[in-house]
Amino acid sequence: MAVAAITLSVSGCTQSLDGRAGEAPKPSISFHPCDGFSQEAITTARMNASPPDRMPERNNPQSFGCGYQSPDSYSGVVISAIGETFDSVKTSDRFTVLDETTIGGRPALVSDFRGGSACTVSVAIEPGILEFMIGYSELEDFKTVDAACDQATKVATTLAPYFPDHL
């Protein structure tokens, strides 16, 4: 039995010893949006050039987040590199997918975050997603999901030429 366990672990099989399918490994990422975009990219996207708000690193899935303020308003955008597959976002109950599109030649989802508080634009970049999130409420610059999604899509589209090849 020990030989079978060694063979399974060495071969990279994702099936457990009892025959049930195991969980596929989560993608590992190294791109951090606070460090990965040039000053030119930040200026082009009309985000404040002052140091961004570096979010705590998260695991399960791995995530690096960065908050940028807009110099034009009190609104901001959170950009996160997330070690989550595009399909897992698409099928997650955390989001209501509003549109499937392409940004910078890559598949993208425009979604309302669960609870109706933020719009997310998730762009597929191997091995995970680059996510752009803008909040909305009656008290913010963007009062509706459509307004927040329009702005999040604009930011993602503007930054598309600066996207990394790999997260």
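Colleague: Which element gives the largest share of the lining of the second largest pocket, and how many residues does that share hold?
Modeller: The largest share comes from H5, with four residues. This is helix H5 (145-159), and S2, S3 and H5 each supply at least two residues of that lining. The model is predicted: local features need pLDDT of at least 70, side-chain atom pairs count only at pLDDT 80 or more, and totals for chains, interfaces and linings use all residues. Residues are numbered from 1 along each chain as its sequence is written, and side-chain values use heavy atoms, with hydrogens and water left out.

Colleague: Which elements line the largest pocket with two or more residues?
Modeller: The largest pocket has a volume of about 390 Å³. Its lining has 17 residues, and those closest to the centre are Arg 58, Ser 63, Ser 80, Ile 82 and Glu 131. Strand S2 (63-69), S3 and S7 each give two or more residues to this lining, and S3 gives the most, with three.

Colleague: How do the residues lining the two pockets divide by class?
Modeller: The lining of the largest pocket has eight nonpolar, five polar and four charged residues. For the second largest pocket the division is seven nonpolar, eight polar and four charged. Ala, Val, Leu, Ile, Met, Phe, Trp, Tyr, Cys and Pro count as nonpolar, Asp, Glu, Lys and Arg as charged, and the others, Gly among them, as polar.

Colleague: What makes S1 and S4 edge strands?
Modeller: Seven strands form an open sheet in the order S1-S2-S3-S7-S6-S5-S4, with antiparallel pairing. Strand S1 (53-54) and strand S4 (95-103) each pair on one side only, and they are the edge strands. Two strands pair if DSSP finds at least two bridges between them. Strands (E, at least two residues) and helices (H or I, at least four) are DSSP runs, numbered from the N terminus. The chain has five helices and seven strands.

Colleague: How do you know that S7 pairs with S3 and with S6?
Modeller: Five bridges join strand S3 (residues 76-82) to S7, and eight bridges join S6 to S7. Both pairs run antiparallel. Leu 130 in S7 stands opposite Ala 81 and also opposite Val 123. A hairpin through two residues joins S6 to S7, and Ile 125 stands opposite Gly 128 in S7.

Colleague: Why is strand S7 called largely enclosed?
Modeller: Six of the eight residues of strand S7 (residues 128-135) are buried, so the strand is largely enclosed by the rest of the structure. Buried means under 20% relative accessible area, exposed over 50%, and partly exposed in between, with a 1.4 Å probe and protein chains only. Of the 167 residues of the chain, 39% count as buried.

Colleague: Which residues does Ser 75 contact, leaving aside its neighbours within four places in sequence?
Modeller: Ser 75 is in contact with Gln 69, Ser 70, Asp 141 and Phe 142, contact being heavy atoms within 4.5 Å. The C-alpha atoms of Ser 75 and Phe 142 are 7.9 Å apart, although 67 residues separate the two in sequence.

Colleague: Where in the chain is confidence lowest, and where highest?
Modeller: Confidence is lowest in helix H1 (residues 2-11), at a mean pLDDT of 34, and highest in strand S6 (residues 118-125), at 97. pLDDT is the predictor's confidence in each residue, from 0 to 100. The chain averages 85, and 83% of the residues score at least 70. Over residues 1-18 pLDDT stays under 50. Where pLDDT is low, the predicted coordinates should not be read in detail.

Technical notes: 1 Å grid on protein atoms, 1.4 Å probe; cavity = no way out; pocket = protein on both sides within 12 Å on 5 of 7 lines; lining within 4 Å. Points joined across faces, edges and corners; volume = space filled by probe spheres on them.
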